Amino acid sequence: MSRFKKQGSKEVPAISTSSLPDIIFMLLFFFMVTTVMRETTLIVRTKLPEATEVQKLEKKSIVSYIYIGPPTQSKIYGTESRIQLNDHFAVVDDIQEFVVLEREAREEADRKFLTTSLKVNSDTKMGIVTDVKQELRKASAFKINYSTLRKVVKKE
Amino acid sequence: MARKVPQINAGSMADIAFLLLIFFLVTTTMDVDTGIMRQLPPPPDPNQDIPDIRERNIMNILVSKSDRLLVNKKIGNIKTLKNDVIDFMSIHHDDLAYPEVTLKSIDYIGDVYTTKGIISLKNDRGTSYNMYIQVQNELAAAFKELRDRLSMEKFGRKYDKLINEDYIDAINKAVPVRVSEAEPEDVGGN
């Protein structure tokens, strides 16, 4: 019954690796497309609070970010919470101008959907946040998002 | 005269691709931004009168500078806040302890009773952001629950499972998120 036992050679043929670059390229393109490069370097610490009722921020192109928290280089800048707009420290009075510039940078149709995401450190006091909110109201940027992490709810 | 070009060895192609791949793998951040959405009111008009709202229609929530809660002048608890808000904003007919109700007719739902209740949230400048977010979160949870209830009753599915935009709009109209944030002031000093 050695019907199927043809050709005595038992050697396994070498697996062709010529398609390996293609596979790797495929993965590479996937990551290249999905990658969002971070455009600002954080100079304040923002340890976000956690909440359960969170919504996703969908279109990233119509979101502008305001960071508030203690400076990362606390030896130079102290530990008091500061505002960061783009790459620099800012004061409350700069916010209106920032909103106007952000609005200008967007397309006409997107402007009214512009959302301001507040990334605030959880230990920061509300005083500075309230000031920022008042400025946003003056600049008529009414849609805001308190950036929070999704809290994992324990099942009981 | 056509000369034979020697074949380029493509064996190292995989290595180069790997290198690039690892670079993108390391730099990629897959985090999705999440947060609590809120709509700020326009700045107050100095000529406008302060709207006269009856005492029974307002639920006052005050967060002190030491992160403690005061709900309608009584000490509150963050754990019971959600249920308190749901209870306050639910429909209670002819009960003086609760806000007034009005009959409204809304497209796709028909006639529903809506409450005139308003949550007034006030915080101190010294309140921590974390506490403020926890309170906002409880309020959001309470309103979500109220919307879920109405949605289940009218359309048979939960609010966030609704697909029809008109239905979502109708529920939004019937149960608006009525959280008023008072103009800031120093309540507790520093």
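Student: In this predicted model, which elements of chain B do the buried residues of α2(B) pack against?

Tutor: The buried residues of α2(B) are Leu81(B), Val85(B), Ile86(B), Phe88(B) and Met89(B). Contacts here are heavy atoms within 4.5 Å. On that basis the elements packed against are β2 (58-63), β3 (69-71), β6 (110-115), β7 (118-123) and α3 (129-155) of chain B.

Student: Within what arc do the buried residues of α2(B) fall, seen down its axis?

Tutor: An α-helix has 3.6 residues a turn, so residues three or four places apart point the same way. In α2(B), Leu81(B), Val85(B) and Met89(B) are among the buried residues. Seen down the axis, the buried residues of α2(B) line one face, because they fall within an arc of 165°.

Student: Which exposed residues does the face of α2(B) turned away from its buried side carry?

Tutor: A residue counts as exposed when its relative accessible area is over 50%. On the face of α2(B) turned away from the buried side, the exposed residues are Lys79(B) and Asn83(B).

Student: How far apart are the end C-alpha atoms of helix α2 of chain B?

Tutor: Helix α2 of chain B covers residues 78-89, which is 12 residues. At 1.5 Å a residue the helix should span 16 Å. The distance between its end C-alpha atoms agrees with this, at 17 Å.

Student: Are Glu102(A) and Arg106(A) buried or exposed?

Tutor: The side chains of Glu102(A) and Arg106(A) meet in a salt bridge, 3.1 Å from N to O. Buried means a relative accessible area under 20%. By that cut-off, Glu102(A) and Arg106(A) are both buried.

Student: What is the phi of Lys73(B)?

Tutor: Most residues other than glycine have a negative phi. Lys73(B), in the loop between β3 and β4 (74-76) of chain B, has a positive value instead. Lys73(B) is exposed, with a relative accessible area of 75%. Its phi is near 65°.

Student: Which helix supplies the largest share of the nonpolar patch?

Tutor: The patch, of about 520 Å², is made by Leu20(A), Ile23(A), Phe18(B), Ile22(B), Leu25(B) and Val26(B). At least two of its residues come from each of α1 (20-34) of chain A and α1 (13-27) of chain B. Leu25(B), located in helix α1 of chain B, is partly exposed at 42%. The largest share, 4 residues, comes from α1(B).

Key. Residues numbered from 1 in each chain as written. Chains lettered and ligands numbered in written order. Predicted model: local features only at pLDDT ≥ 70, side-chain atom pairs only at ≥ 80, totals over all residues. Heavy atoms only, no water. Patch = residues over 30% accessible without salt bridge, like charges linked within 9 Å, V, L, I, M, F, W, Y side chains within 5 Å. Areas by Shrake-Rupley, 256 points an atom, 1.4 Å probe, with all protein chains shown as cover. Salt bridge = Lys/Arg side-chain N within 4 Å of Asp/Glu carboxyl O. Buried < 20%, exposed > 50% of the residue type's maximum accessible area, 1.4 Å probe, protein only. Expected span 1.5 Å × (residues − 1). Arc of directions from axis to C-beta.
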